[in-house]
Amino acid sequence: MEHPTSSWQAMQEGNVFYRKQQCYSIPGKLPNLSDYIIAGCKYGGPIALMRDHSKLIALGRTMPAVTKSQIQVYSPAGEGLLLFSWDQGKIIRFGWTIDEKLVVLNEEGTYRLYDLQGDYQQHSLGTEAAELGVIDAKIHENGMVVMTSALTLLEVKGWTGARPLVLANPGLSEPPHSWAAIPPDLNISRHVEVLLSVDTTIYTVDNLENADQRISRGPFAHVSPSPNGKNLALLTAAGLLWVVSTDFQRSMAEFDTSNVVGATGAVLQVEWCGNDAILVTWDSLVVLVGPFGDILQYFYSGPTFAITELDGVRVIGQEVCDFIQKVPASTLSIFRPGSTSPSAILFDAWESFSNKSPKSDESIRSIRPELAKAVDECIDAAGQEWEAHWQRRLLNAAKFGRGFLDFHNPTDFVNMGQTLKVLNAVHYFEVGIPLTYSQYNYASPSHLITRLTSRNLHLLALRISGFLDLKPDPVLKHWACAKILKAKATSGVTGKDAELGGDDEICRMIVEKFEELGGAEVSYAEIAKKAWEVGRGGLATKLLDHEAKGSDQVPLLLTMKEDKLALVKAVDSGDTDLVYHVLLHLHKRLPLGSFFRLLEEGGQTLAPASKLLEVYAREQNREMLRDFYYSDDRRVESAVLSLDEASRTTDQSAKIAAVKTAQKFFSEDKDRSFEAKVVDEQAKLLAIQQQLENEADGKIKFFGLSVNETMRACILNGFSKRADKIKHDFKVSDKRFWYTKMYALVEAKDFEGLENFAKSKRSPIGYEVFVRHLVEKGFPREGIQYIAKCDSSKRADLYVDCGEWRMAAKECKERNDKAKLEQLKQKAPNSLVVREYEQVLSTMK
Amino acid sequence: MHNSDNSEARIDINILKEIARKDLVDALNSVNGAKTLVLDASLAGPLGLVTEVSLLKHQGVEKMFWLESGPLTSSTTNIVYLCRPRIKHVKTIADKDHIKRHAKESRKYVYTLLLVPRVSTLVSRILEEEGVLGDVTISSYNLQFIPVADDVISLEHENTLRELWVDGDETILFDSAQALLSLQKLYGSFPQIIGKGDFAQRVATLITRQGAKSTTTSRNTILSTFPRIDSLIILDRRVDMITPLLTQLTYEGLVDEVIGVKNSHVELPLSLLQPPTPANANTAASASTSPPSGSAIPVVSVKKDNKKKHHLTTATDPLYAELRDMNFSSIGRKLNRVAHRLDADYKTDLQSKSVPQLRDFVGKLGGLQTEHQALRLHTGISEMIVPYTRTDVFNKSLEIQQNLLASYEVSAQLNAIEDLVAQGAEMQIVLRLLCLASLTAGGVKAKNLESLKREILQVYGYEYLSLLLSLSSPHLSILLPNPLPASHASLPASKYPFTTLRKSLRLLIDDNPEALDEVENDISFVYSGYAPISIRLVQCIAQKGGVISNPADKEKPATETGNADGDLKQSSAGKFQAHPIVGWKGFEDVVAAIPGQTVEITQKVENSVSPAATSLDVVAFSGQTSRDSATTTVVFFLGGCTYTEIAALRWVGRQNKGRNFLIATTGIINGSNIMEGIAGLTTSVKNPSAV
């Protein structure tokens with residue numbers, strides 16, 4: 001085994017080392033990279049290649065000349081993963097998402113997300129973008145920024161087909177020399193930022209504003225943000241590489257690329273190596289520029305393609321796939337020539353120990369206080385090594401050191417061992433995922449599982465899931481979908497019956513596998529959806545039966561046109577929004593008649609659904625509601641709806657008409673004779689009110705008042721006769737009429753009229769209420785005359801209420817009610833009254 | 001506070017407020033830059049309990065508008081709508097005054113629609129129908145339970161009754177289940193779910209079904225530091241429609257009945273709320289001194305004053321904690337006593353001469369002043385209420401209520417109701433009485449009912465016909481003719497077995513002087529002699545002894561009649577240990593008589609206690625733990641609860657040690673807002689918005 005340091009190269013007078021690690025040797029596996037447009041996926045992902053049609057190519061060399069665009073995907077180990085042709089509009093740009101899907105965007109603003117099996121979802125940027133046309137795009141892990149031909153910018157957030165957001169208009173007149181987008185999660189504002197090289201300066205654009213950074217060093221041929229979004233690498237037309245912070249406040253480094261020996265032609269790529277160095281590539285030459293302008297040169301036999309990773313840069317050449325990175329601190333500390341760090345000594349001690357040299361003991365003793373740190377460093381360094389040989393040696397050294405420690409938490413050691421086992425498995429060239437330890441930590445184990453399943457490596461994924469104590473669900477789900485797809489391909493030839501049998505068998509296989517492996521929580525609905533999509537309705541239904549969650553079944557049932565079942569399941573889920581979803585969907589799709597029939601036939605089970613439909617229709621679609629009630633012979637509801645319309649309209653004749661319609665509906669239901677009668681009364685009242693308004697030349701408002709209010713308005717405005725007639729016509733009780741008239745007369749301050757009214761006949765409501773009401777309305781004097789007609793026991797109090805203290809006293813005296821008098825005396829308002837009362841009291845026995 | 005011995009064991013519901021706040025901040029921050037917030041007026045109250053305007057300002061909200069029709073001009077490019085997913089609101093947003101108008105005037109805005117509590121297909125469909133879906137980003141703000149007191153959480157959802165029992169819109173069931181599931185996630189799962197009513201059953205099913213899905217993933221979020229929840233009791237409002245129809249007689253209840261409490265806020269005259277300066281002390285005096293003749297014009301005079309919203313909370317007003325649950329008849333005495341004590345406090349301290357004594361006094365002065373201000377406020381409020389309680393209509397309606405509850409001369413009560421109609425009493429009072437008559441007597445004689453209905457329609461307007469129809473609809477059936485018409489007969493059990501319940505649940509406690517002590521020693525104090533059925537049902541589960549006899553009776557010899565002053569104080573020495581929850585046991589027959597399904601579910605406890613515990617009999621399990629720590633019983637009122645019910649439940653909570661109640665509800669209701677809510681459509685017609 002080569003010593004780790006053999007791949008190191010020093011920079012900055014030997015203070016910093018960079019290493020170039022060969023991951024795979026891939027001679028002849030890839031086509032000539034210079035003929036292709038390439039997009040690489042981060043985290044050891046694959047590369048996608050498409051013929052660059054702007055380049056001339058000798059016919060018949062490696063491939064037949066195809067006019068149609070084709071995209072090929074290769075793993076970093078040079079294995080072909082996918083090949084598909086493109087039949088849509090011209091491809092503008094393609095790139096990779098965080099979950100390893102290939103985004104392909106065409107000039108019409110349509111984009112597709114391909115997984116590694118060639119399945120895709122298609123989304124669009126909307127009609128505006130389609131009309132304008134797309135000229136360029138920057139695709140990052142969680143979205144993209146699109147430039148339209150009008151030189152405006154659109155942002156797509158996430159890959160779920162969300163509507164693009166319009167960013168501030170940079171107001172360009174010609175396309176920028178170059179541009180870049182910094183993803184939202186790397187900005188302080190948490191919103192995407194676009195950098196455009198315009199003339200000599202750079203514009204930064206976000207969704208709110210467009211800022212000119214006022215730089216005069218441009219135009220820039222390359223704009224490249226660092227993986228953490230903090231710095232920018234800019235390359236001027238003259239070949240000057242300038243590194244600056246993204247806010248353009250601090251200049252980091254400058255380097256003139258035109259002086260590089262051996263560089264020919266234009267710079268192809270400016271990529272970051274981690275966050276602290278920059279890789280500049282030419283045809284067959286790669287130069288690593290360090291933070292202080294030091295350089296390292298690497299030569300390749302042919303064109304290369306570099307992919308920035310968060311801890312380094314991956315370079316794919318014709319022959320090899322390399323990983324270039326700064327030597328990590330722990331590795332440096334152990335293997336740096338002449339290092340005397342505790343970890344270096346520990347490693348040395350272990351080597352001595354394996355060689356049975358007594359020096360070992362001495363070394364360990366010398367680092368005793370820092371042993372724990374040394375052990376940790378050895379564990380960490382093991383993670384940084386590509387070769388299992390060195391990983392093992394470093395872990396052994398750590399284990400050896402641990403033996404001398406009393407307390408040391410073994411978690412890190414165990415985890416590292418586990419992780420390395422997983423990483424080595426996926427590094428294997430047939431899998432071809434050269435994921436480093438830090439990338440693995442960043443991207444999470446479940447992400448790795450997804451990558452494996454998307455390559456159809458289910459067994460490995462399942463084993464790793466088990467090994468890492470992850471749930472097997474995602475793997476199983478993917479497996480089931482893949483299984484269905486495969487089965488489709490094989491069973492295509494056989495007849496109908498055979499396929500039905502196949503359904504049962506596949507369903508059974510899937511269910512059994514799930515039960516066996518504990519994937520009880522896998523959503524059968526999603527698998528069933530897959531089955532439906534590939535045209536296996538029977539299988540879909542069977543799988544759906546295993547889905548426990550009703551709400552998950554609904555969308556698929558709808559697409560399968562199992563309308564009633566979908567509605568039942570939706571109602572059963574209790575989620576009213578889901579019910580609406582189904583209802584509105586069906587309303588759109590079915591003819592109205594069958595839509596109603598579906599609800600009516602549902603009876604009690606679907607009652608909540610039809611109730612919801614009524615709620616919706618009452619606000620949004622009354623016409624439909626009328627039809628609905630009518631078709632179901634629901635007279636009362638129809639009538640109420642008419643009444644509701646009557647109360648909403650301001651037009652008098654429309655109102656009367658609506659009330660009459662309601663009356664008709666009520667009269668058709670024999671149980672509703674009362675309602676029919678009162679609604680009839682209402683229509684009559686409205687007619688009378690109309691007439692009254694005409695008589696009053698429209699100066700007084702009658703229309704829409706209640707019977708009581710109408711009588712009141714009549715009395716207030718001197719139509720007393722009409723009030724009497726209404727009383728008669730509407731069979732208003734005497735009591736109620738007396739109250740109403742009394743209130744109205746007091747309100748009109750027609751005290752004479754009140755007196756006459758009181759005398760007209762014996763009051764059915766008594767006279768106490770007269771007094772009380774007059775007092776309440778502030779006319780106590782007018783109340784006095786009615787007191788005499790009241791119940792004698794109440795008179796004294798009523799007199800007091802009217803402020804007639806003397807009369808109250810007199811009343812008490814007449815009734816010889818001494819107690820009452822004493823009681824009233826307590827409340828007396830002034831001494832005069834008190835004295836008077838005492839006088840009266842003295843005359844009483 | 002009385003329950004100080006329990007308070008440390010209480011579940012901390014302020015977390016809910018923090019969560020709601022944080023979610024709001026996150027929701028607003030998802031829109032970059034300065035924004036104009038357009039707020040659904042019905043959300044303003046609930047949001048006010050969660051956050052304050054300054055917090056919104058911090059999130060870049062520059063201006064706020066009500067969501068209403070009428071042109072909207074915004075100085076910012078971002079317009080954020082925050083509203084419930086009501087069709088009406090969505091149409092306003094889409095309509096000619098907002099988005100479409102902006103489009104016509106070619107003003108470019110970025111619209112975000114935050115729906116409470118979750119996004120809705122219906123909304124996107126309507127936006128689509130209006131042709132503006134493409135212009136709006138739809139997202140959600142999940143506002144669930146809001147703490148409205150230290151033991152009450154509410155969804156503050158208006159009109160639940162109408163939605164559920166008139167419209168048949170069951171959205172609130174789903175939302176309630178979601179909110180209860182969130183509670184479960186925060187505080188641990190409910191080992192038992194007990195309830196009554198068809199909708200209670202639905203919610204319980206939703207909880208168990210979804211709970212089973214999520215427990216395995218949320219195992220880690222359960223915080224064991226909280227006191228355990230021993231059960232969830234769900235009561236469907238249909239189970240007890242009688243209680244909210246009655247006039248509430250506690251302080252808080254009457255404030256709600258007379259002045260109106262909305263989202264814990266009450267509108268009061270400005271003069272009451274400001275500390276008295278000589279000038280407005282006078283105006284306050286003149287406003288509250290009743291006119292010389294005494295009897296009437298109470299509430300009217302107040303309306304002219306400048307009004308201001310006041311948050312009724314015990315956090316800043318400790319006096320309120322003592323007052324809120326008292327029967328109103330004792331309020332005067334209580335206020336008097338507090339006034340005397342305050343006076344004494346001021347005086348004693350003024351006599352103190354030495355400098356340290358004076359320093360102490362000055363230190364206390366602030367506290368005395370807040371107390372003073374609180375006293376002034378509550379005296380003022382009482383003064384506003386007292387005249388109302390003296391009105392003829394009020395006393396008449398109380399009398400009718402008491403008679404109906406005792407089934408005393410029902411037809412005379414109907415005549416009395418008719419008289420009230422003739423006098424033109426408020427419609428809600430009349431309807432409440434009429435429904436009460438129907439519920440207690442198992443329907444009103446068809447002939448009487450028709451003539452009463454006719455009277456009502458003639459007095460208040462024919463447009464209330466649909467309200468009357470709703471009240472007698474099969475789902476609500478709180479106003480039924482006797483005998484039932486054929487259409488109703490098909491539904492069994494729509495008749496409410498009030499007379500049976502009156503006996504089996506001991507609902508009426510005589511209100512004669514000798515029995516007064518008894519009234520004070522039972523939950524019936526909240527209605528001066530009538531025990532709310534809903535709370536009796538809770539007692540059937542959580543304090544079985546309390547249903548049969550007054551638990552406080554037994555300790556009466558010890559405390560003498562000192563209790564009778566209405567202070568409700570119970571010496572903690574006499575408290576009984578709360579018994580474990582064993583479902584409806586012992587009251588199965590009573591519960592079965594009430595219409596609606598009975599719920600009794602035992603959920604698997606996913607706590608990390610031990611795998612064996614799950615298979616154990618849960619009864620034994622909860623019994624064993626309740627001895628060493630207090631448990632909490634969550635009582636969820638589906639369809640709202642009244643302040644009196646809260647007061648009664650608090651009283652039950654004080655009787656036992658080892659059990660706290662957490663009251664959860666869809667909203668706070670009273671008879672009048674029930675009637676307004678059910679009338680729904682018709683009230684909206686009264687002030688027609690631009691059609």
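Modeller: The model is predicted. The sheet belongs to chain A and is an open one of five strands, with antiparallel pairing, in the order β1-β2-β29-β28-β27. At its edges stand β1 (8-11) and β27 (305-309) of chain A. Each has a single partner strand, so one side of each is left without a neighbour in the sheet. From one strand to the next, the twist averages 20°. Strands of a sheet pair through backbone hydrogen bonds, either parallel or antiparallel. In chain A, strand β28 (residues 312-316) and strand β29 (residues 320-326) run antiparallel and are joined by four bridges. A:I316 has A:C321, in β29(A), as its bridge partner.

In chain B, helix α5 (residues 87-94) contains B:H89. B:H89 is buried, because its relative accessible area is 9% and buried means under 20%. The side chains of B:H89 and B:D40 make a polar contact (3.1 Å). Leaving aside residues up to four places away in sequence, B:H89 touches B:D40, B:L67, B:C83 and B:R84.

As for the cores, the largest nonpolar one has 250 residues. Among those with the most contacts inside it are A:F770, B:L82, B:Y141 and B:F145. Apart from this core lies another, of 76 residues, including A:C481, A:L543, A:M624 and B:L127. Not counting residues up to four places away in sequence, B:F145 touches residues including B:L16, B:I153, B:L183 and B:F636.

How values were computed. Residues are numbered from 1 along each chain as its sequence is written. Chains are lettered from A and ligands numbered from 1 in the order in which they are written. This is a predicted model: local features need pLDDT of at least 70, side-chain atom pairs count only at pLDDT 80 or more; totals for chains, interfaces and linings use all residues. Side-chain values use heavy atoms; hydrogens and water are left out. A nonpolar core is a set of buried Ala, Val, Leu, Ile, Met, Phe, Trp, Tyr and Cys residues joined through side-chain atoms within 4.5 Å. Buried means under 20% relative accessible area, exposed over 50%, partly exposed in between (1.4 Å probe, protein chains only). Contact means heavy atoms within 4.5 Å. Helices (H or I, at least four residues) and strands (E, at least two) are DSSP runs, numbered from the N terminus. A polar contact is a pair of N or O atoms within 3.5 Å; within protein, one must be able to donate a hydrogen and the other to accept it, and residues adjacent in sequence count only if both atoms are side-chain atoms. Two strands pair if DSSP finds at least two bridges between them. Axes are lines fitted to C-alpha atoms, for helices over the stretch in contact, and angles run from 0 to 180 degrees between N-to-C directions.
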